[in-house]
Amino acid sequence: MTPEGAWSFFAAFATMLGLLFGSFLNVCIARMPEDRSVAYPPSHCPACGHNIRWYDNIPVLSWLILRARCRDCGLPISSLYPAIELLTGLLAWLLFARIVPGPDALDLAHFAAFGVYLVFVCMLVAQTFIDIRHYIIPDEFSIYAVPLGVGGTLLLGWLGYPDALPWQQSVLGALLGGGSLALVMGLWWLVRRQESMGLGDVKLLAMIGSFLGAVPAVPVIIVIAAVAGSIVGLPLALLTRRKLSLALPFGPFLALGALAWLLHGPVLLSVYMGYIGRLYAIFGS
Ligand SMILES: [Zn+2]
């Protein structure tokens, strides 16, 4: 096999891994808000309760073959299931291309980095859909995962992954991520006497900081989340005549910012710095 062929093989494998993880995320999204176990009982049809056969549980394909209906009762299966599987597969492919950019990078350190950040991406996907549906962010995918972020960073440094963060950045990222949003919430409470965000958002940004580091990741992610949240949220708040903070959850926008930073960090930073540079050229001279 040529080096390029080997890279394509691993990229395809990474994508399939993403599809399978997506299938498991569907279980997490359905069960975690109700405090049910994600391991037991095995997957079953929510309408008739029949267990799903292994050959009917292949990501995306099974849904297409069954034409979106349960084999036992014939009732429709939500298109959200294959959509989440496809999304997770696509993100896994993008992540692989970002972390293992070519045949030269096919080694243990880069594979480990892909694994650590794939777990991170999966937590972002799961909490996004749980937050949209239930307005909560499970602790398992936010504050409880901070040790995972710090541990993953330590592991990647030990394995010699070239882009590994110093572990201090990871610890500081958790503190700055949680601390900065907590500060905003506190100030808002003092001025307006009302809640601006949920405590879930604070715990989520602490988790994000532990995986992506403090600076520049956390401030850039807050800016992206605030801009994207306003673009989507302001029209929605006007239409529904509700307060912006009540019209939509903030967690998915933090997840969007984190994904953008993880996949395109250097590009985003150069755009951001270029913009600051131009402002400086206009007002600083
Ligand atoms: Zn059924």
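How are α5 and α6 oriented to each other, roughly parallel or roughly antiparallel? In this predicted model, the axes of the two helices cross at roughly 165°. Angles over 145° count as roughly antiparallel, so α5 and α6 are roughly antiparallel to each other.

**The helix pair**

The axes of α5 and α6 come within 9 Å. The crossing of α5 past α6 is right-handed. On the α5 side, the contact involves Val146, Gly149, Val150, Thr153, Leu154 and Gly157. These meet Trp167, Ser170, Val171 and Ala174 of α6. By type, the contact residues are six nonpolar and four polar, with no charged residue.

| Helix | Residues |
|---|---|
| α1 | 3–31 |
| α2 | 61–65 |
| α5 | 146–159 |
| α6 | 167–192 |

**Pro59**

Where does Pro59 lie? Pro59 sits in the loop between α1 and α2. Is this residue buried or exposed? Pro59 has 22 C-beta neighbours inside 10 Å, so Pro59 counts as buried. The cut-off for buried is 20 or more.

Leaving out residues up to four places away in sequence, Pro59 touches Leu19, Leu20, Gly22, Ser23 and Glu85. Leu75 is 16 residues from Pro59 in sequence. In space, the C-alpha atoms of Pro59 and Leu75 are 19 Å apart.

Methods: Residues numbered from 1 in each chain as written. Predicted model: local features only at pLDDT ≥ 70, side-chain atom pairs only at ≥ 80, totals over all residues. Axes fitted to C-alpha atoms, helices over the stretch in contact; angles between N-to-C directions. Helix = DSSP H or I, 4+ residues; strand = E, 2+ residues; numbered from the N terminus. Parallel < 35°, antiparallel > 145°, perpendicular 65-115°, else oblique. Left-handed = near helix turned anticlockwise from the far one by under 90°. Contact = placed C-beta atoms within 7 Å. Nonpolar A, V, L, I, M, F, W, Y, C, P; charged D, E, K, R; others polar. Buried ≥ 20, exposed ≤ 12 C-beta atoms within 10 Å, placed from the backbone.
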